[in-house]
Amino acid sequence: MSLLEVQGLAVHYGGIRAVKGIDLQVEEGEVVCLIGANGAGKTTTLRALAGLLPAAAGSIRYAGSAVTDLPVHARARIGISLVPEGRGVFPRLTVAENLDMGAYSRRDRAGISADLEHVYGLFPRLYERRAQTGGTLSGGEQQMLSLGRALMSRPRLLLLDEPSMGLAPLAVQKIFETIRLIADQGMTLLLVEQNARLALESSRRGYVLEGGCIVHQDDAAALLASPKVRAAYLGA
Ligand SMILES: Nc1ncnc2c1ncn2[C@@H]1O[C@H](COP(=O)(O)OP(=O)(O)O)[C@@H](O)[C@H]1O
Ligand SMILES: [Mg+2]
């Protein structure tokens, strides 16, 4: 049984059919990416998985139960955590307060401080800046903070929306190093990226979304080698 099993998922904005009945699976401990051009439906898919948008059709099963109709906070409680596009850092809260927000639904103090230590270990930069407000951080640091905040909820499935967006090349490299580290520690990740090469190089399998439909799926290495995928998404 997969950790995440999506069947026939459709998501609409009024009359706009943004996601048109997609199937996808993610196994526990696996890193899977969803790549596609701007407007393909990647963010819409992740928001529907997190419970921020309703499914117009289809089903979402997680850890063996249907979660299709669960509200966002109920999905968060069972370990589904979204790191949104554009990062969503609270600009007036300090780094430490932003991280606390990630643990708001938890009561296990010892676990929370262990996780905080883990996050500061992954991102020493955040520890150095723990008393600074989120708004004063660079784009790369805000992306770290957003990822760190998600980790503070102790997720079982991390949904990452365009972690590389708007970042300088060095910051992109850093954030992907950390993503690979988290993956190596056993986290299950569904990664959405326009930067298809980077995403595929960090994943075991990938799905290609075009106009709200999945048009290819394969092992990441096979997608990286596919002439069609190379021509359309890898600039080669
Ligand atoms: N709030 C919205 N209202 C109406 N249409 C939307 C909204 N958000 C996204 N869309 C449309 O849905 C489609 C998929 O968008 P999105 O999921 O953001 O794509 P991606 O993340 O792959 O760039 C696009 O055609 C986009 O214009
Ligand atoms: Mg998007």
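The model is predicted: local features need pLDDT of at least 70, side-chain atom pairs count only at pLDDT 80 or more, and totals for chains, interfaces and linings use all residues. Residues are numbered from 1 along each chain as its sequence is written, chains are lettered from A and ligands numbered from 1 in the order in which they are written, and side-chain values use heavy atoms, with hydrogens and water left out.

Strands here are DSSP runs of E, at least two residues long, and helices are runs of H or I, at least four residues long; both are numbered from the N terminus. Two strands pair if DSSP finds at least two bridges between them. Strands of a sheet pair through backbone hydrogen bonds, either parallel or antiparallel.

Six strands form an open sheet in the order 6-7-8-3-9-10, with mixed pairing. Strand 6 and strand 10 are its edge strands, and each pairs on one side only. Neighbouring strands of this sheet are turned by 15 degrees against each other on average, direction ignored. Such angles run from 0 to 180 degrees between N-to-C directions, with axes fitted as lines to C-alpha atoms, for helices over the stretch in contact.

Strand 9 covers residues 205–210. Buried means under 20% relative accessible area, exposed over 50%, and partly exposed in between (1.4 Å probe, protein chains only).

Strand 9 pairs with strand 3 (residues 31–35) in the parallel sense, over four bridges. Ile35 stands opposite Val208, and Leu34 stands opposite Tyr207. Strand 9 also runs antiparallel to strand 10 (residues 213–219), joined by six bridges. Here the partner of Val208 is His216. Strands 9 and 10 form a hairpin with two residues between them. Gly211 in that turn has a positive phi of about 55 degrees.

Helix 6 lies across strand 6 and strand 7, running at about 170 degrees to strand 6. Helix 7 packs on the sheet as well, touching strand 3, strand 7 and strand 8 (188–193). The direction of helix 7 makes about 155 degrees with that of strand 8. Contact means heavy atoms within 4.5 Å.

Two packed helices are described by the angle between their axes and the distance between the axes. Helix 6 (residues 139–151) and helix 7 (residues 169–184) pack at about 20 degrees, with their axes 9 Å apart. That makes helix 6 roughly parallel to helix 7, a term for angles under 35 degrees. Their crossing is right-handed, meaning the near helix is turned clockwise from the far one by less than a right angle. On the helix 6 side, the meeting residues are Gly140, Gln143, Met144, Leu147 and Leu151. On the helix 7 side, they are Ala171, Lys174, Ile175, Ile179 and Ile182.

Four strands form an open sheet in the order 2-1-4-5, with antiparallel pairing. Strand 2 and strand 5 (65–66) are the edges, each pairing on one side only. Eight bridges join strand 1 (residues 4–13) to strand 2. Leu4 has Val26 as its bridge partner in strand 2. Helix 1 lies across strand 1, strand 2 and strand 4 (57–62), running at about 115 degrees to strand 1.

## The magnesium site

Which residues coordinate the magnesium ion (ligand 2)? Thr43 (OG1) and Glu85 (OE) do, at 2.0 to 2.4 Å. Donors are N, O and S atoms within 2.8 Å of the metal (3.2 Å for Na, K and Ca); water is not among the atoms, so sites may look incomplete. Thr43 sits in helix 1 (residues 42–50), and Glu85 in the loop between strand 6 (80–83) and helix 3 (95–102). The two are 42 residues apart.

## Single residues

The table gives relative accessible areas.

| Residue | Relative accessible area | Class |
|---|---|---|
| Glu30 | 2% | buried |
| Gly139 | 26% | partly exposed |
| Ala63 | 30% | partly exposed |
| Glu85 | 35% | partly exposed |
| Arg154 | 46% | partly exposed |

Glu30 lies in the loop between strand 2 (16–26) and strand 3. Not counting residues up to four places away in sequence, Glu30 touches Gln25, Met187, Thr188, Leu189, Arg204 and Arg205.

Gly139 lies in helix 6. Gly139 and Leu167 are 28 residues apart in sequence and 6.1 Å apart in space, C-alpha to C-alpha.

Ala63 has a positive phi, near 50 degrees, in a residue other than glycine. Ala63 is in the loop between strand 4 and strand 5. Arg154 also has a positive phi near 50 degrees, and lies in the loop between helix 6 and strand 7 (157–161).

Definitions and conventions: Angles under 35 degrees count as roughly parallel, over 145 as roughly antiparallel, 65 to 115 as roughly perpendicular and the rest as oblique.
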